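Please read the following with the sequence and the 3D view open side by side. The text goes through a few places in turn.

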Amino acid sequence: VTLWSMTKIYHPPRPPDAFTATPRRPPSLHSPQRILLRSFMKRLRKSSLRSTARGKDLARAVWSAARLIGYLQEQARALRPDNDPSRQLLPMPIRLPGEDYSDSRLFPLSMREDVGVALSSFTPVEIKNSADIPTEVLHEEAVIMFHTVINDIVNTPHYSEIRSKHTIHDKNNELGAEEIKLQSLSLGQIADVLQAATSLNISHDGIAVAVAKILQHLASSNPSSSWTNPVQQCRSCKDISRVLLALQRLRVGTGIFADAASDGCEGKDARHIGELGKCCVRLLGERFLDIVRWHKEQFRWACDSKTLTSTLRSCVLMFQGTSAATEAILDAALVLILDEATGVEDGEDYPGPPTFLSTCNEFEISNYLFAFAIAKRFDKDVFIALTDEMTEDGILESCTPSSASRSMWSCAMLLSLDNADNNSDSPDASFLHERLVDVFHQLCPLLLSPSLSPIDISSAMWAMAKSQYVIDRGIFDELAHSMASDEILKRSNTRIVSQALWSCGKMVEFEKPKLEAQHGHHEDAGDDSEYATLN
């Protein structure tokens, strides 16, 4: 409880209040607080203390310690003389299947601007006498504490015979002699543990067995016993989103936990172990869909736009392409995206309640398109609704070059799917292509920016070439020129460069008829002039 209270007192810089021009200056963690934090983390490594602690208390302890370490690291970065407040708040780039996940950021533009303003105007207080316990030492202590506590949470407790007898006959003991503490955690508390692992950058080798056991616990819960099932007991879309985001950052879905699960878990064959991650994501998605549908019946939204963005991205990046694991989450997104305002009668002068999409910003709209494109799921109504919202004046005014590139790539990918382009001569195909051209025409001018990353440039070039969009050929040439610069090439990998080269070749192919016609005209003119000279 003390650690949790410290996280509420010592927090990082926040945006200024709506009624004040100056941001709040949070207190810094000085030497006494660092000593207290270290003492508590060492105390939690004592077996006598952990054995009597409840699972939810241990989960709160590791989450609080990880949050405090994160605050200290933010504080240390702010003290650097060469620190750029906005450098840590870059827009999340488009990531194609197989791209590295380490550079992703999940902050909308408005949040990046607010936090950037707060950080730029915030002057941290110098830490006095904190050299005795540097942040690096506290981080190492937190990692050791995490390993100790997570083993106590996921493994069967080892009691002595005397201890076991007393525990069995003690009616006030909620755990019992052989009950694993993991089984007493709610989904939100499991999210706390997983988020602590990602925050502390726990290595894969150190967390693989524990994560595999958590996955097994979530996947093997009996749906009929809803009172013991953390997934069925969950009533919050935000908790589900937190779990999915942590699993995606831990690289669940890549198969790296299969060996650890086979070594550390019992009672499951190899085939089932390999499906643990997919099964967990599917169950979480189904629960997310149930909550969304229930709230829709109550004429309410189950989550906000930011939560849906995080949930969709996490699922489709773990299991790309058509997958049963992401089907329910996409269905839930479809319910929210196609939400229509109700309660307004014809002839009324006042506007009705806003739709879900009207509360979204350009970052979120572009990521909804991105999620459906990565999942290779085309829905005409969803495509029209998202592109309509993306071309609204308010969205275009705040749209970043990265979001524009992401939207263009996603639209091109969606219309390239077989179920979206079965018959190019059909009225629907013509309408969708015209819609695509209109979206590209409004987003392309935003690409003329020096802030584009290599993946942004390459993805925009691919979208224009794939969709045969040659109206703004000058913008494509400018993107190709930027891609060929030494600075961009040094930051690019083979996939990005090859995609850009393919795009250039495709655009040249579109120019072949014109070039051949011009070349033929010059040859005819040359023959005529030569014939005249000979005469």
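Phe319 has a relative accessibility of 11% and therefore counts as buried, the cut-off for that label being under 20%. The model is a predicted one, and this applies to each value that follows. Phe319 sits in the loop that runs between helix H15 (305-318) and helix H16 (324-337). When residues up to four places away in sequence are set aside, Phe319 touches Gly253, Gly277, Lys278, Val281, Ala325 and Thr326. Val252 is 67 residues from Phe319 in sequence, while the C-alpha atoms of Phe319 and Val252 are 9.0 Å apart in space.

Helix H20 (residues 401-415) packs against helix H22 (residues 454-466) at an angle of about 35°, and the two axes are 8 Å apart. The crossing of H20 with H22 is left-handed. On the H20 side the contact is made by Ser402, Ser405, Met408, Trp409, Ala412 and Met413. On the H22 side these meet Asp456, Ser459, Ala460, Trp462, Ala463 and Met464. By class, the residues of this contact divide into 8 nonpolar, 3 polar and 1 charged.

Two of the residues in this contact, Trp409 and Trp462, lead on to the aromatic rings. The structure holds 5 aromatic pairs. A pair of aromatic rings is described by the distance of the centres and the angle of the planes. One of the pairs is formed by Phe370 and Trp409, with 5.9 Å from centre to centre and 40° between the planes, and it is tilted. Phe370 belongs to helix H17 (residues 362-374) and Trp409 to helix H20, so this pair ties together parts that are 39 residues apart in sequence. Trp409, with a relative accessible area of 2%, is buried.

Trp409 also pairs with Trp462: the ring centres are 6.0 Å apart and the planes stand at 40°, so this pair is tilted. The pair links distant parts of the chain, with Trp409 in helix H20 and Trp462 in helix H22, 53 residues apart. Trp462 counts as buried because its relative accessibility is 12%, and the cut-off is under 20%. Phe370, Trp409 and Trp462 together form one aromatic cluster.

Arg435 is found in helix H21 (residues 427-443). Is this arginine, Arg435, buried or exposed? Arg435 has a relative accessible area of 15% and is therefore buried. Apart from its neighbours within four places in sequence, Arg435 is in contact with Phe383, Ile384, Thr387 and Asp388.

The last place is helix H8 (residues 187-199). H8 has 13 residues and reaches 18 Å from its first C-alpha to its last, close to the 18 Å expected at 1.5 Å a residue. How many of the 13 residues of H8 are buried? The number is 11, and H8 is thus described as mostly covered. Among the buried residues of H8 are Leu187, Ile190, Val193 and Leu194, and Gln189, Asp192 and Thr198 are also buried. Just after H8, Asn201 takes a positive phi of about 55°.

Terms used. Residues are numbered from 1 along each chain as its sequence is written. This is a predicted model: local features need pLDDT of at least 70, side-chain atom pairs count only at pLDDT 80 or more; totals for chains, interfaces and linings use all residues. Side-chain values use heavy atoms; hydrogens and water are left out. Axes are lines fitted to C-alpha atoms, for helices over the stretch in contact, and angles run from 0 to 180 degrees between N-to-C directions. Helices (H or I, at least four residues) and strands (E, at least two) are DSSP runs, numbered from the N terminus. A crossing is left-handed if the near helix is turned anticlockwise from the far one by less than a right angle, and right-handed if clockwise. Contact means heavy atoms within 4.5 Å. Ala, Val, Leu, Ile, Met, Phe, Trp, Tyr, Cys and Pro count as nonpolar, Asp, Glu, Lys and Arg as charged, and the others, Gly among them, as polar. Rings of Phe, Tyr and Trp (its six-membered ring) pair if their centres lie within 6.5 Å; planes under 30 degrees apart count as stacked, over 60 as edge-to-face and the rest as tilted. Buried means under 20% relative accessible area, exposed over 50%, partly exposed in between (1.4 Å probe, protein chains only). The expected span of a helix is 1.5 Å times one less than its number of residues.
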